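Welcome! Take a look at the structure below, then work through the exercises with their solutions.

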Amino acid sequence: MNQPHLHSGYRKAGNGTSFLIFRPYVVAVLLAMAAIVFAGAIAASMIGSVTTSVTAAFAWLIGTGEDELLAFIIGQLRLARILLALLCGAALGAAGAAMQSATRNGLADPGLIGVKEGTVITVVAMLLLFPQAPAFWRPLLGLVGGGAVAITVIGIARSVSGLRFVLIGIGVSWLLSSVIALFMTMAAISEVQTAMIWLGGSLHAASWLDLKLALPWTLAGFAILFATTRSADTAMLGDMAAVGLGIRLRQLNAARLFSSVLLTSACASVVGGLGFVGLIAPHLARLCFGSSQMPLLFGSAVFGSLLVLAADTIGRTVFAPIQIPAGILMAILGLPFFVGLMWQRRDAL
């Protein structure tokens, strides 16, 4: 029996009605990238003000290490920071890929259309006005703020496609940034210092509590995205073809945009203003894997993790004893990238 998918680089795993079609090249690249992420995490746990060896780091990881100082440095200071960087990088990368696919706009990014600022402004307001409020309120309030901004931008633009959507989002972001600056001028000096570091997208105060706060929300966002990948692939054929094949485009786009807001809000509520990850990671993944949604989401998540981990590690080690927030390094990398994309689309402006 002829199986055309086997002649186009795909392979079939399983028998009967239960099978999975995949591309060995994509699986191999994703596994290689996952190995790079793991190696990067090990390297990040070793370097800092106190440098450890690979042997000592692995001894701690498998529970055979006896150095209490090393256990404290890796277990309490570095590991939570590394895992939070990987989680937030993966979430922001996947959120950007989903938003770019849903809007069919390579410039779309939750951080560029104001979702990040909407989350930040609600969390900053809570920190300044209600400093004793429980920490678990941060992701929830961040989701409310980010969702409100996304709905506002979509309502003003009247569409999620085209450059108007992105440009209106950028304008709303600037407006919210000025409101955040107003909060800063009205707050006490001690509160401003803490908030300013957080606003820069810093993981220097990352803790296991932050990881616990962000994890359930990001898992929920990932679950929605991966559950809709098949429908999203069909939607890429065009609206007429997708509707003809039974895809409910309105519900699909709403679910994917909501998941993007959920992932972005969960991360911004614990690490602050970490931008451009959702813009850069999907483009890098698309170069490697094309536009098929499942490998694109996985690739964007892995590239996002690598970007945030690298930015945070460089920021805390290269300029020691000064720690540069990862968000600042991502902005230095992301702004030229964004300008380049805008230049490519200059004829559409």
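**Exercise 1.** In which loop does I322 lie?

*Solution.* Start with the ground rules: this is a predicted model, where local features need pLDDT of at least 70, side-chain atom pairs count only at pLDDT 80 or more, and totals for chains, interfaces and linings use all residues. Residues are numbered from 1 along each chain as its sequence is written, and side-chain values use heavy atoms, with hydrogens and water left out. Now find α13 (293-317) and α14 (326-344): I322 lies in the loop between them. Helices here are DSSP runs of H or I with at least four residues, numbered from the N terminus.

**Exercise 2.** Decide whether I322 is buried or exposed.

*Solution.* Recall the cut-offs: buried means under 20% relative accessible area, exposed over 50%, and partly exposed in between (1.4 Å probe, protein chains only). I322 has a relative accessible area of 56%, so I322 is exposed.

**Exercise 3.** Locate P110 and decide whether P110 is buried or exposed.

*Solution.* First, look between α3 (68-103) and α4 (115-129): the loop there holds P110. Next, apply the cut-offs: P110 counts as buried because its relative accessibility is 1%. Finally, look for V261, which is 151 residues apart from P110 in sequence, while the two are 6.8 Å apart in space, C-alpha to C-alpha.

Note on methods: Helices (H or I, at least four residues) and strands (E, at least two) are DSSP runs, numbered from the N terminus.
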